[in-house]
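Let's take a first walk through this structure together. Have a look around, then read on.

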Amino acid sequence: MYMKLAYRNMKRSARDYLVYLLTMTLISALMYTFNSLLFQNDLKKYWDSEEMMEVMVALATVFIILVTAWLIGYMVRFMMEKRSGEFGIYLLLGMKKSSLANLYLRENILLGFISLLSGILLGILLRQVLMAVLFSMMGMAYRLHIALHPGTLIMTFVSFGCCYLLSLSRCRRKFKKMSIHSLMEARRKNEEIREKYEPAKRLLLPLSILFILLFWKLFGSLESNGDTALFLTGLVITIYLFYTGLSAFIICYIRKRGSLIYRGANLFLLRQFASRVRTMQFTMGTLTVLFTLALMGSSLALMFGSWQALLLDRKYPFDILLYSSDPGDTFEREIQFLEEKVTPLEVYPYRIYTDGDNQVNAWMLTHLSAWGTMYQNPDGSPDMAQISDFLENRGIYCLCDTYMGLSDYNHLRRMLGYEEIELNDNEYAVQIKERLEKEVQGIGDDLVLAGVPEAFDPASGSDAALAAGTPLLTCAGIYADPFSQDGHNGCDYLIIVPDEVLARMYPYYSELAVDIEGTAPPRLREELDTLRDARTAAFREADSSLCGNMGYGSDIIFVFLAVNAVKDNLTASIAYMLASVTIPLFYISLVFLCVAVTVLSVQQLSDSANYKFRYDVLRKLGLKENAIRTLILRQLTAYYLCPALFAVVISGKMVLFAGERFVMMTGVPVSSYSFLLKSIALFLGIYLSYFAVTCVSFMRNIRGGLH
Amino acid sequence: MDHYIRICDIEKYYGSASHATKAIDRLSFAVNRGEFVGVMGASGSGKTTLLNLLAAIDRVSAGHIFYENIDITELSEDALSDFRKNNLGFVFQEYNLLDTLTMEENISLALTLRGVAKKDVQEASAGLMKLLGIEEIRDKFPYQVSGGQKQRCACARALANDPKLLLADEPTGALDSLSSQTLLETFERLNKTLRTTILMVTHDAFSASYCRRILFLRDGKIFHELLRGEKPRQRFLQEILDVLSLTGGSAGENL
């Protein structure tokens with residue numbers, strides 16, 4: 001009998017709380033889809049050493065379980081309150097509290113089970129979409145491959161079960177405390193509007209706004225972690241107090257009989273809004289936090305995504321580029337190996353030179369925004385002691401400046417399809433990373449680069465280089481075409497000089513650039529690494545990488561030091577690593593967003609009985625159908641917009657700050673606003689779908705059963 | 001005689017063609033300006049249906065209802081809304097006050113919906129609250145006041161638009177006897193001093209005794225009519241009870 005009752009009640013709940021059911025279905029579908037990355041990752045075979053995706057998905061799952069458990073807990077309490085009268089009747093009829101608790105638990109578990117099963121079916125389809133997206137991110141083709149994996153299923157069941165276990169554990173205790181009278185009275189009490197100390201509470205609104213303004217002004221300039229933590233705690237408190245202040249502010253405005261309330265149905269709307277915000281101020285605060293996190297998560301994912309879309313291809317312009325710290329390396333074994341594995345169209349070994357000085361390094365460290373004023377004396381001149389320490393210990397730049405001969409440079413430019421450049425005898429050029437092009441415009445004014453003295457004897461080497469009468473070179477141009485400058489063709493920069501100037505410099509290290517036909521086989525880079533390890537074992541003693549001819553430049557967020565850079569392997573591998581950050585971030589954002597909007601929708605829809613009565617009264621007072629529809633739309637819009645707008649204001653600052661840093665550090669050619677705007681657009685898509693469903697159901701509920 | 005409202009041969013059916021229930025059966029009567037008319041009848045006699053038709057909340061199946069020269073059965077939904085807004089006031093058994101608004105705000109809203117200016121809204125609602133004796137509870141919410149006070153507030157709201165007709169559906173149904181008496185005396189006063197036309201549906205003889213004329217309804221038809229004339233209220237009450245004792249039982253059994 002109880003089972004039948006539970007089933008019937010569940011069916012009713014499913015109808016009344018359709019939005020909740022759909023969201024739970026979506027969440028379980030997402031859980032299945034992303035859990036499949038742990039067990040059925042078709043890409044894993046290409047990167048079996050990368051565990052990052054698994055770790056990130058597992059981490060995301062923990063957050064999602066917590067938030068979903070909150071949603072279920074919220075809904076269980078919510079439905080319990082709404083049905084308190086009904087529960088009172090069950091108890092009145094003689095049902096025991098334990099049986100009632102069991103009945104309610106059964107209903108909820110049944111509801112969960114239905115959403116889990118339908119979610120898994122949807123998840124199987126979604127998984128195909130996710131794999132197709134992932135494969136296309138790696139630049140690979142994906143063939144549909146529908147399969148159920150017991151691991152994925154068990155993991156989804158366990159995750160979903162955890163959500164229910166966490167949220168339902170307190171339910172039984174709640175039933176124990178209930179009395180028939182309190183159950184019957186509960187509903188009436190919900191309607192009571194308590195207004196106390198409103199003028200005092202009203203002050204919370206300007207205070208919250210003040211704090212938010214302060215947050216916009218100061219966030220990013222806080223120096224210690226303690227300050228930041230304190231500020232963020234203040235922010236969370238502000239989020240919650242904002243709603244108390246807002247509601248009190250509106251109530252005070254109405255009490256003061258402000259002019260706005262005497263226009264049309266404004267009085268009704270404002271009262272409705274204030275009382276709604278008042279009764280669920282804590283929930284509104286939590287929703288704002290969830291929206292904020294969702295916006296931040298998706299913005300971060302978009303940042304990484306934009307780097308991948310716009311810059312990853314440009315990071316490795318050469319098909320294959322091999323580094324050797326041995327300046328005399330001829331790469332014979334590598335060339336032989338490559339000829340066996342791929343079809344080289346062109347093989348070009350060359351050297352990077354140095355003059356043993358580090359004035360260019362010092363210039364970079366004192367002029368690039370990445371380093372700020374860290375390596376400057378108070379008067380702005382280079383702090384050479386700190387610079388030497390940096391160069392020796394950090395491995396970011398080579399110890400000495402890096403140069404390339406014009407003929408090598410032009411040859412490489414030809415390989416990449418760029419136009420060749422011309423230099424006169426007394427000129428040099430700068431090849432710089434795209435990101436830094438704007439920052440090095442003044443380099444030509446500062447550098448003092450020596451040419452070749454007229455009576456130069458190559459045999460005496462560079463010691464004679466700066467002898468008296470040495471002509472100085474002038475800067476003929478700055479080139480920022482992608483040129484593999486993460487340690488291969490210099491770190492951040494290369495100074496291009498006429499070949500004759502090289503005569504007075506040391507060869508610093510060797511490089512081999514290879515242009516191949518078609519794409520490289522998947523594991524070519526690892527094979528080249530093994531080959532190099534074997535070959536250089538004997539050479540390692542004298543390996544001058546230890547003497548500082550290796551570095552990776554000033555990139556901070558994406559640093560991938562590859563001695564053997566095989567474009568096809570690296571771009572796919574980095575794309576996979578990026579996907580393991582962006583995909584879980586989107587996953588979290590999506591679930592957080594859906595959970596929050598579901599609570600908003602359910603709140604409105606479940607109260608439609610009250611609203612129906614209120615709108616019916618308005619209708620009797622002579623409000624037209626159109627006006628009522630507009631009023632409903634205004635009510636829902638205000639209710640939906642409030643936490644979303646607040647979240648945009650809060651996350652906006654953080655996203656813009658992170659975006660600016662991201663753009664500065666990576667050189668992604670987009671505005672930091674674009675991440676925020678795109679996130680909001682994505683957010684709006686989902687938000688509007690829920691809003692539309694809520695609006696339609698709301699109007700239907702209001703219209704149904706009138707007169 | 002100045003016929004203010006004319007109900008001409010109206011019918012109202014519910015249900016489908018095969019199972020139609022006739023709620024109002026070819027009913028005709030007229031209400032004069034400034035009259036206080038009561039409609040009595042057992043449950044199911046059609047009195048609330050009649051009120052809904054007069055209030056333009058429901059549509060007639062046949063017949064016409066004229067307010068002066070306007071036939072409301074011919075009006076569109078939007079025009080009906082305007083008509084309700086400008087001509088009718090409602091008082092219901094369940095008060096129908098908005099729980100999110102205070103007493104004063106409930107009255108003000110009826111005026112702001114009609115686009116009345118702020119100053120006039122404040123003056124009018126203050127006047128109505130004074131008239132109905134609810135000034136002291138102006139800032140209370142419905143849940144904080146008694147049923148009688150709620151009903152007087154509903155009454156004030158109904159009067160806010162200076163209606164041609166005040167429609168009351170079992171207004172004392174949820175009130176104790178003292179509150180009922182206060183409300184009915186208020187109705188009587190409104191009718192006498194402001195010449196408000198009132199049509200009240202009730203099944204309570206005591207309430208009905210405050211009316212000037214009573215229509216008795218059975219099976220959707222008027223089967224009797226009582227006029228108070230110059231009779232004292234107690235005698236009129238006795239007459240009503242006599243009619244009910246003669247017919248009430250059979251009306252109930254017919255249901």
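## The overall picture

How many helices and strands does chain A have? Chain A has 25 helices and 9 strands; both are DSSP runs numbered from the N terminus, with at least four residues (H or I) for a helix and at least two (E) for a strand. Its C-alpha trace spans about 110 × 60 × 45 Å along the principal axes. Of the 707 residues in chain A, 54% are buried. Here buried means under 20% relative accessible area, exposed means over 50%, and partly exposed lies in between (1.4 Å probe, protein chains only).

A quick note on the ground rules: this is a predicted model, where local features need pLDDT of at least 70, side-chain atom pairs count only at pLDDT 80 or more, and totals for chains, interfaces and linings use all residues. Residues are numbered from 1 along each chain as its sequence is written, chains are lettered from A and ligands numbered from 1 in the order in which they are written, and side-chain values use heavy atoms, with hydrogens and water left out.

## Tucked away inside

Helix H18 of chain A (residues 406–416) is mostly covered, with 9 of its 11 residues buried. Among them are A:Leu406, A:Asp408, A:Tyr409, A:His411 and A:Arg413.

Another spot to check out is A:Thr156, in helix H6 (residues 150–168) of chain A. A:Thr156 has a relative accessible area of 0%, so it counts as buried. Its side chain makes a polar contact (a pair of N or O atoms within 3.5 Å, one able to donate a hydrogen and the other to accept it; residues adjacent in sequence count only if both atoms are side-chain atoms) with the side chain of A:Asn35, at 3.4 Å. The A:Thr156 side chain also reaches the backbone oxygen of A:Thr152, at 2.7 Å.

## Out on the surface

Two patches show up here. Patches are made of residues with over 30% relative accessible area and no salt bridge, joining like charges within 9 Å and nonpolar side chains (Val, Leu, Ile, Met, Phe, Trp, Tyr) within 5 Å. A salt bridge is a side-chain nitrogen of Lys or Arg within 4 Å of a carboxyl oxygen of Asp or Glu.

The positive patch is formed by A:Lys4, A:Arg8, A:Lys11 and A:Arg15. A:Lys11 sits in helix H1 (residues 2–16) of chain A, and is partly exposed at 45% relative accessible area.

The nonpolar patch brings together A:Leu203, A:Leu207, A:Ile209, A:Leu210 and A:Leu213, with about 510 Å² of accessible area together. A:Leu207 belongs to helix H10 (residues 204–218) of chain A, and its relative accessible area of 52% makes it exposed.

How values were computed:
Accessible areas come from the Shrake-Rupley method with a 1.4 Å probe; for residues, only the protein chains shown count as cover. Lys and Arg count as positive and Asp and Glu as negative; His and the chain ends are not counted. The place of a charge is taken as NZ of Lys, CZ of Arg, CG of Asp or CD of Glu.
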